[in-house]
Amino acid sequence: IELKAEKDGVSDTESKVDSGVPEVPVPPDDTPEVLNKALSGLSSRWKNWWVRGILTLAMISFFFFIIYLGPMVLMMIVLCVQIKCFHEIITIGYSVYHSYHLPWFRTLSWYFLLCVNYFFYGETVTDYFFTLVQREEPLRILSKYHRFISFALYLTGFCMFVLSLVKKHYRLQFYMFGWTHVTLLIVVTQSHLIIHNLFEGMIWFIVPISCVICNDIMAYMFGFFFGRTPLIKLSPKKTWEGFIGGFFATIVFCVMLSYVMAGYRYFVCPVEFNNDSNSFQVDCEPSELFQLQDYALPSILESVTGWTTVRLYPFQIHSIALSSFASIVGPFGGFFASGFKRAFKIKDFANTIPGHGGIMDRFDCQYLMATFVNVYIASFIRGPNPTKVIQQLLALRADQQLHIFNSLKAHLIEKGLLPALEEAAA
């Protein structure tokens with residue numbers, strides 16, 4: 001028993017501590033029969049390599065396809081992924097705590113998911129598509145009372161939970177109540193940030209996700225062929241060789257990808273609603289972030305390359321920060337997920353994708369990356385948006401607009417800008 005525990009990367013002490021945790025049943029092998037027959041002559045190590053590789057190519061192809069379909073389809077895919085991740089984590093909770101028969105709890109878990117999504121998506125629509133909201137009377141009313149409606153919906157679920165409490169099951173019901181809310185915090189909040197990044201321009205959605213995917217693939221490849229030194233006990237198969245190789249490969253890949261994407265308005269322009277065509281569009285005059293500029297090279301690089309300057313998009317500089325985070329800090333999302341799975345003695349969150357596990361197994365690092373990108377945009381990229389300010393001013397009453405106009409006029413006169421503007425107009 002001791003040898004088996006050491007082989008699995010679990011110490012004897014840890015085994016004793018976790019002995020009270022019920023094990024989730026291991027799902028059967030879900031590899032398609034076609035692949036099983038085609039790869040039957042290979043060892044389990046190489047069979048897993050080919051299964052993961054084939055399914056990875058299939059997922060990347062699907063990713064390209066949904067990018068082609070546009071930002072609104074991407075938003076729906078994010079919602080579908082969020083729901084599936086929520087389902088996988090909640091199902092683990094039900095299995096671990098044997099809570100299938102708790103009254104109303106499965107229904108309440110999905111009800112809370114609905115409430116939280118209503119709140120976040122309502123906030124997003126109001127923030128990014130203010131013109132559409134103000135034009136439609138039902139949307140304008142829902143927007144005005146959105147937070148009150150969201151609170152009322154959540155309060156209803158809270159009261160339903162209290163009424164569903166059953167004697168002898170109090171502790172278990174509160175366990176699952178906490179489990180549901182932590183899952184909502186991890187999954188729904190992060191997917192909401194992904195959608196915010198998407199509406200800033202698809203490049204802020206595609207590049208970070210691609211950085212994580214590239215790092216995951218290249219770390220696996222370097223670790224598979226060159227890995228010798230274990231990286232962290234939580235994931236015994238992770239190696240320093242894979243970690244370092246994935247880091248450099250990810251930076252090179254993301255700089256090149258950014259250069260290609262930054263030249264297309266379809267990727268760099270934010271998603272906006274066009275009143276004239278009554279549709280969502282991605283078209284704008286690219287900002288300085290997506291216009292080529294000359295940068296002087298450091299003397300060391302100049303002596304090596306023979307170049308004095310290099311022509312880059314400013315976004316490529318930012319992509320180095322994004323890819324560095326995806327390579328250095330991003331994997332900790334995977335380590336966190338590994339610790340979670342080890343705590344409950346499961347290999348994967350689910351068996352949705354052969355060779356990869358569940359959807360959550362593929363998105364554990366993506367959610368951490370989404371939070372970083374959102375914070376990065378707010379801290380270093382996004383500035384005051386005059387269009388949104390004007391939209392909000394037009395929604396005010398006439399007397400409020402006049403008051404703001406007079407205040408702004410007085411401020412400009414005090415700064416000495418208004419007379420200069422009047423002379424220029426004359």
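In this predicted model, G416 takes a positive phi of about 80°, and its place in the chain is just after helix α19. Helix α19 itself covers residues 398-415, which makes 18 residues, and it reaches 26 Å from its first C-alpha to its last, close to the 26 Å expected at 1.5 Å a residue.

Helix α17 can be checked in the same way: because its 23 residues, 359-381, should span 33 Å at 1.5 Å a residue, the 31 Å between its end C-alpha atoms agrees with that expectation. Helix α17 also has a kink of about 30°, which is centred on C365.

The UniProt record, an unreviewed entry, places the feature "transmembrane region" at several stretches, including residues 104-121, 148-166 and 315-337. Two of these stretches are set out below.

Two packed helices are described by the angle between their axes and the distance between the axes. For helix α6 (residues 105-128) and helix α9 (residues 146-164), the axes come within 10 Å and cross at roughly 170°. Since angles over 145 degrees count as roughly antiparallel, α6 is therefore roughly antiparallel to α9.

Which residues bring α6 and α9 into contact? On the α6 side they include F105, L108, Y111, F112 and E123, while among those on the α9 side are H146, R147, L153, F158 and M160. Taken together, the residues of this contact between α6 and α9 divide into 13 nonpolar, 6 polar and 2 charged.

Definitions and conventions:
Residues are numbered from 1 along each chain as its sequence is written. This is a predicted model: local features need pLDDT of at least 70, side-chain atom pairs count only at pLDDT 80 or more; totals for chains, interfaces and linings use all residues. Side-chain values use heavy atoms; hydrogens and water are left out. Helices (H or I, at least four residues) and strands (E, at least two) are DSSP runs, numbered from the N terminus. The expected span of a helix is 1.5 Å times one less than its number of residues. The bend at a residue is the angle between axes fitted to the seven residues ending there and the seven starting there. UniProt positions are given in the numbering used here, feature names are shortened, and annotations may be inferred rather than shown by experiment. Axes are lines fitted to C-alpha atoms, for helices over the stretch in contact, and angles run from 0 to 180 degrees between N-to-C directions. Angles under 35 degrees count as roughly parallel, over 145 as roughly antiparallel, 65 to 115 as roughly perpendicular and the rest as oblique. Contact means heavy atoms within 4.5 Å. Ala, Val, Leu, Ile, Met, Phe, Trp, Tyr, Cys and Pro count as nonpolar, Asp, Glu, Lys and Arg as charged, and the others, Gly among them, as polar.
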